[in-house]
Amino acid sequence: MIVVIVRILIASVGGQGGLTLARTIAEAAVVSGLSARTGETLGMAQRYGSVVSYVQVGTEVYTPKFLPGEADYLVGLELVEALRNIHYLKESGVALVADEYRPPFTMSSERPQSTRAEILDALKSSTSRLLVVPARRLAVEAGSARALNMVMLGALNAASKLFKHSVVEEAIKRALPPRAVEASIKAYYSGFKYAESLLEPSK
Amino acid sequence: MSLLGPPGTKLPLLGNEAIARGVLEAGIYVVTGYPGTPSSEVIMTLQEYARELDMYVEWAVNERVALEVAIGAAISGARAMATMKAPGLNVASDPLLSAAYSGVDGGLVVYVADDPGPHTTQTEQDSRWYAKLAKLPMISPSTPQEAKDYVKVAVELSEALQLPVILRTTTRVSHAVGDVVFGGIQRPKKGGVFKKAPERFVRAGMDWNLARHKWLNAQLARVEEVAERYGLNRVYGEGELCIVSEGAAFNYIYEAVVERGLGAKLVKLGLLYPLPRRFLLENLKGCKRVLVFEELDPYIEEGLKTILYDAGLHVEVLGKSTGHVPLEGELDKGVALRALGLEPPPQSLKAHSVPRRPPPLCPGCPHRFTFLALKRAISRRGYKLSEVPVIGDIGCYALGVYQPIDMLWTEHSMGASISMAMGLKLAGFDKPVVAVIGDSTFYHAGLQSLIEAVNKRVDVLVVIMDNEVVAMTGHQSTPAWRTSETGRELKPVSLDELVKAIGPSELRVVDSYNLDELERAFTELLDKPGVKVVVSRHPCALLEARLKGVKVRFKVEEEKCTGCRACLLATGCPAIYMEGGKAHIILEDCNGCGLCARFCPQKAIVVAG
């Protein structure tokens, strides 16, 4: 019997760690006794191109990808890529987006240039369920700009409450190289706290 | 992640990593192949364990050589595997067809990964036809778990039938992560016994060939029966509607049927060649209509129609020929729902049209220097860029097709740059022609093209863009390396000496980062007669950064930047972007080549910190 608990679309620029984020979620699913399936586009697109990872967690999951309108969460590691994939969210879906602006060459070279504010406005006009995370700042504070993906893992877990902290810590240890574990765990908690404070302001 | 866990271990694995574990469970000793997305991770994963487990796991110079090495091992009783992407099987098809006649003793698995979409391949090749063409059994998994399990099945089938077995996946199986439960590991099975039997192994004897063809057909007639105990073909559910599917496509149609609660009988095939005739007839005999849901060509659809016709069954077959399933592109659950006459889930958020982000050359990429030098040399010789074709090849430098580099005119097949450039010239093209090819592609298939061009005395400028690694597929070794990924000591085969031995009229070797010298070489050689070779050599910037770290990085001094975009328009470097009328450099992405600084009229780009 197929039971998909959650569908997550991760949108990133190749090299930002979108694939590692997908892998960490899959590890966390298995650590907590669930099943996971992801679909990746590896290879050419990995290098600074648009990268999308489909992640599904459940008790039994079959397909490596899902359709526009089916995602519970959109995790955007970059604003333009988040906007490119916003239609993957279902109506009640939540967008968690890093405040990271890396326009592709065509946007950067044209005049007038698109701006960060325009992309943010387009995202806001698409959905009210949008959380923008100062992920680069939090990652640098945690020890490495490369840990931006783990900040967003924290935001995702604050919004979804999918995994216990101990499960995520174990998943990070399994999915990341040993030298990156400490900063990654710090970044995770920092993203979690930031998102939690905005999601539940009463606490 | 360790691949060596005990039986029962459950880990999320990429399909290709699962296949790597399957190799250990199947006791395969020789694993070789040529890198190609989406197949490369099998060897990359296994190389970590090769020494510890006493296995041979090495990249070969090309797929044909890889398969021949694997065949040689298997006819002496070793268990062997050759891995490749779909076009690689075209390269390896010559030995593949002969191996079907000779047969093997140790299990031989040919792993090929197709790419519906396509995501990273030049064609949407359907390699299932190769099984039919070569007359070799083919099996196809749907999930990472099956991908692992089927390696052992392939080895056992191969040994039971004495035939190479093709294990075929697609991108959504080889590059899907799913949880996989381990079985037990077997000790790698070496060979070393080879008895002379020319009637079996010499394809020069025509009577022998005829006899082996009869033998091959007799073996093929046994495949369904021999494979039966592995349960490769399965039936799910009951209902009026009958569906036949396989591979990644099965996942989509299965989820569609279950999610919508349809009463349908789903027939999943794991054995693709020969199609399991008895199984299909037994399970489809009560059906009035059968939907065949498969990716790429109507392979099962056509085979099934023949089987039904021969059995005198009048069953309506729906699929690609009836327009229910598209002939191009990858399938998904939405296509599955529509094939079933249902609507996909509603899409409540509007899609935004956002400019594409094609993969550019990386920050610091030496190929960027080579292309810019070539551009300037062409202009300096008085030609327009639109007059001088740059005939490309397969590798990272093919990304030079995109703006603002915009230099590549063709990219076809491994090694084709030099030979296609030669064809242009001998057909009467009167402007200079340039061929660009990477080091690994040159070793793979460019060598023969260069021999042809030199031998026939054509006029062409050949640029070998040598970054000392197979970069695009994830940094694999080339024949120029001294030590392989597994720590094996190698005898490096010098690219320069190879080229010299072929005898081009000119040979220059230049450091790619030396833009002025490169430009000088290209300017001098562009329209000289004969085959002129320039080796533009500099290590891949991405690999260098990973291995040695980045010593200097650059930043923009904002007060000096006028926002003219010269840095971006010249280089297209993905570490640079414009915001608020100023250029910005993403510091951690900068690999410190400094090319952008050369183009800044304000000298606003300086070494950071």
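The questions and answers below concern a predicted model.

Reader: Why do the buried residues of α20(B) lie on the same side of the helix?
Author: The buried residues in α20(B) are Ala541(B), Leu542(B) and Glu544(B). They are on the same side of α20(B) because the arc they cover around the axis is only 165°.

Reader: Which exposed residues does the face of α20(B) turned away from its buried side carry?
Author: The buried residues of α20(B) pack against α15 of chain B. After α20(B) comes Gly549(B), with a positive phi near 80°. The face turned away from the buried side of α20(B) carries the exposed residues Arg546(B) and Leu547(B).

Reader: Which element gives the most to the side of chain B that touches chain A?
Author: In this contact, 53 residues of chain B meet 56 residues of chain A. The elements of chain B that each supply at least two residues include β1 (10-14), β8 (176-181) and α11 (247-259). By class, the side of chain B has 28 nonpolar, 13 polar and 12 charged residues. The most is given, with 6 residues, by α11(B).

Reader: In which sense do strand β2 of chain A and β8(B) pair, parallel or antiparallel?
Author: Strand β2 (residues 35-39) of chain A is joined to β8(B) over 3 bridges. Gly178(B) is the bridge partner of Arg37(A), and Val177(B) is that of Thr38(A). The sense of the pairing is antiparallel.

Reader: How many bridges join β1(B) to β8(B)?
Author: β8(B) is mostly covered, with 5 of its 6 residues buried. Leu11(B) stands opposite Val180(B) in β8(B). The strands β1(B) and β8(B) run antiparallel, and the number of bridges joining them is 5.

Reader: Is Arg47(A) buried or exposed?
Author: Arg47(A) lies in the loop between β2 and β3 (50-60) of chain A. A residue needs 20 or more other C-beta atoms within 10 Å to count as buried. Arg47(A) has 22 C-beta neighbours inside 10 Å, so Arg47(A) is buried.

Reader: Which residues of chain B does Arg47(A) touch?
Author: Residues up to four places away in sequence are not counted here. Within chain A, Arg47(A) touches Gly14(A) and Gly15(A). In chain B, Arg47(A) touches Pro359(B) and Cys362(B).

Reader: How many residues has the largest nonpolar core?
Author: Those with the most contacts inside this core include Leu74(A), Met152(A), Ala70(B) and Ile253(B). Leaving aside neighbours within four places in sequence, Met152(A) is in contact with several residues, among them Leu21(A), Val75(A) and Leu96(A). The number of residues in the largest nonpolar core is 274.

How values were computed:
Residues numbered from 1 in each chain as written. Chains lettered and ligands numbered in written order. Predicted model: local features only at pLDDT ≥ 70, side-chain atom pairs only at ≥ 80, totals over all residues. Core = buried A, V, L, I, M, F, W, Y, C linked by C-beta atoms within 7 Å. Buried ≥ 20, exposed ≤ 12 C-beta atoms within 10 Å, placed from the backbone. Contact = placed C-beta atoms within 7 Å. Helix = DSSP H or I, 4+ residues; strand = E, 2+ residues; numbered from the N terminus. Nonpolar A, V, L, I, M, F, W, Y, C, P; charged D, E, K, R; others polar. Pairing = 2+ DSSP bridges. Arc of directions from axis to C-beta.
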